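Colleague: I have not looked at this model before, and I would like to go through it with you slowly. Could we take it one question at a time?

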Amino acid sequence: MFDLKGYGWMLWEGLAMTLTVGACALLLAVVMGLLGAWGKLARNPAARLAASTYTTVIRGIPELLLLLIVFYGTPTLLQKLAETMGHDIRVDFNAFTAGVMTLGFIYGAFATEVFRGAFLAVPRGQVEAAYACGMSRALAFRRVMLPQIWRFALPGLGNVWMVLIKATALVSVIQLDDLMRKSFIAMGVTKLPFDFFFVAAMMYLGITAVSMIGQQQIERWANRGVQRA
Amino acid sequence: MDTQVIIDSFPALLDGLWLTVEITVYALLIGFCLATAVAMMRVSRNILLRAPVIAYIFFFRGTPLLVQIFLIYYGSGQFRAELTQIGLWHLFREPYFCALLTLVLNTGAYSAEIFRGAIQAVPHGEVEAARACGMSGWLLYRRIILPKAMRLALPAYSNEVIQLFQSTSLVSIITLMDLTGVARTIVARTFDVYEIYITAGLLYLAVTYGVLWVFRLVEHRLSGHLREREDPAAAVRDALRARA
């Protein structure tokens, strides 16, 4: 359909990077989300405050600005801190690490809400029954809560992934060679901006379509033991 | 922390915030009209009306906003000759126009999906009752379906408004001087990275929660008939119970 003048391979490389960043960020987001949900539901007021500050701040600031803060701000902050302690160091932040950390951190806030809902969706009586059977808190969590939380959280996590994979396009701003940046470079050489960005858009659309099908399959598999109305 | 640089750059940041708000408001107003029309086509029984808008919604919801902006801003350059011929090139040359067009199309797709859900959530009985009264077509939409659907869509639409407000920060990538754009320029000049970026972030935060607060007020006002009525006798009853 499009003559990419032999630059098609660059887009595939970019796609691989986009998926890698997305997958790593999702992993981090799930960890942050579990921590955040635990904080939001904790009895400790300090943990609750920390968790709600986290989700409030992240929801209110654009992703691009957060990315810039992490990528350019953190090295400066660390260097200044080291300076006050009398060390002269030079911190360079790898674009990949910054991208994954920022995206994971941002979508961790969204995952927090997903997991919070899932925690609350597990019937209280089941947990009490588990305690009555003599299970410890940890054992009850592992055997009774976790298998169900993950089932309740799946639809929400699927949405987080779909939004997250599109947000990875932003890491091109901090010079990480993802699909966007590769298209940009190819455009500079071939002077065919529409063709390259259109193909890139189609690749993102492909990811979305595959994710939607995958999400359906996983949900069907996870709900295989559940009666449907 | 250097507070002087924050004070010095604050007016410039406010100018940037103004552009951010301006572009958000324009995109919202045009996008709202687009989304209403698209949502009505989306629920139409005519496949010729439905199919193109399904493709449109799928494309704009399935691809990153950044790709859409680049596709319109840089991509239009590939068709310069054709665009010049039909007299549109002077529009596509402007980053402001391209940014606004992309945001309108983007929010149009997302809001259309919200409105579609809301239109389909209008109770069937109300529509039937209106039909029984002799309403159909545009009159039915204008009097019964749309007012009800908009009220149902409000919570989800307020999220979309916030989302759009924040995604306008991407227009700084195509050289517009919005809040993020101004912050980036100042940082490039002064190297006061986190003072400036965090101030910009706080400005975004303030507007975001301001807008959410306004939406909550509107929601409260519109749902008055659904709330439990205040019981004027409650105060007396409580007083009596306290004495007993």
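Predicted model: local features only at pLDDT ≥ 70, side-chain atom pairs only at ≥ 80, totals over all residues.

Colleague: How many helices does chain A have?

Modeller: Read from the N terminus on, the elements of chain A run α-α-α-α-α-α-α-α. Chain A has zero strands, and its number of helices is eight.

Colleague: What percentage of the residues of chain A count as buried?

Modeller: The C-alpha trace of chain A spans about 70 × 60 × 25 Å along its principal axes. A residue is called buried if 20 or more other C-beta atoms lie within 10 Å of its own. Of the 229 residues of chain A, the part that counts as buried is 36%.

Colleague: Which helix of chain A has the highest confidence?

Modeller: Chain A averages a pLDDT of 88, and 98% of its residues score at least 70. Within chain A, confidence is lowest in helix α3 (residues 63-84), where the mean is 85. Confidence in chain A is highest, at 93, in helix α1 (residues 8-40).

Colleague: Which helix of chain B has the lowest mean pLDDT?

Modeller: Chain B has a mean pLDDT of 90, with 99% of its residues reaching 70 or more, while the model scores ipTM 0.86 and pTM 0.88. Among the elements of chain B, the highest mean, 95, belongs to helix α6 (residues 95-121). The lowest mean pLDDT in chain B, 80, belongs to helix α11 (residues 234-243).

Colleague: Are α1(A) and α7(A) roughly parallel or roughly antiparallel?

Modeller: The axes of α1(A) and α7(A) come within 7 Å and cross at roughly 160°. Angles over 145 degrees count as roughly antiparallel. The relation of α1(A) to α7(A) is therefore roughly antiparallel.

Colleague: How many residues of the contact of α1(A) with α7(A) are nonpolar?

Modeller: In this right-handed crossing of α1(A) and α7(A), residues of α1(A) including M10(A), L11(A) and L15(A) meet residues of α7(A) including L179(A), I185(A) and A186(A). The contact of α1(A) with α7(A) also has three polar and three charged residues, and its nonpolar residues number six.

Colleague: Which element gives the largest share of the side of chain A that touches chain B?

Modeller: The contact takes 28 residues from chain A and 28 residues from chain B. On the side of chain A, the elements that give two or more residues are α2 (45-60), α3, α7 (179-190) and α8 (193-222). The largest share of that side, nine residues, comes from α8(A).

Colleague: How many residues of the side of chain A that touches chain B are nonpolar?

Modeller: By class, the side of chain A that touches chain B has one charged residue and four polar ones. The nonpolar residues of that side number 23.

Colleague: Is the crossing of α8(A) and α3(B) left-handed or right-handed?

Modeller: The axes of α8(A) and helix α3 (residues 65-73) of chain B come within 9 Å and cross at roughly 160°, and the two helices are therefore roughly antiparallel to each other. The crossing of α8(A) and α3(B) is left-handed.

Colleague: Which residues of α3(B) are met by α8(A)?

Modeller: By class, the contact of α8(A) with α3(B) has nine nonpolar, no polar and no charged residues. From α8(A) come F194(A), F197(A), F198(A), A200(A), A201(A) and Y204(A), and in α3(B) they meet V67(B), F70(B) and L71(B).

Colleague: Which residues does Y72(A) touch, not counting residues up to four places away in sequence?

Modeller: Y72(A) lies in helix α3 of chain A and is buried, because 21 other C-beta atoms lie within 10 Å. Leaving out residues up to four places away in sequence, Y72(A) touches V187(B) and V193(B).

Colleague: Is K191(A) buried or exposed?

Modeller: K191(A) lies in the loop between α7 and α8 of chain A, and its phi is positive, about 60°, although it is not a glycine. With 11 other C-beta atoms within 10 Å, K191(A) is exposed.

Technical notes: Residues numbered from 1 in each chain as written. Chains lettered and ligands numbered in written order. pLDDT = per-residue confidence, 0-100. Helix = DSSP H or I, 4+ residues; strand = E, 2+ residues; numbered from the N terminus. Contact = placed C-beta atoms within 7 Å. Nonpolar A, V, L, I, M, F, W, Y, C, P; charged D, E, K, R; others polar. Buried ≥ 20, exposed ≤ 12 C-beta atoms within 10 Å, placed from the backbone. Axes fitted to C-alpha atoms, helices over the stretch in contact; angles between N-to-C directions. Parallel < 35°, antiparallel > 145°, perpendicular 65-115°, else oblique. Left-handed = near helix turned anticlockwise from the far one by under 90°.
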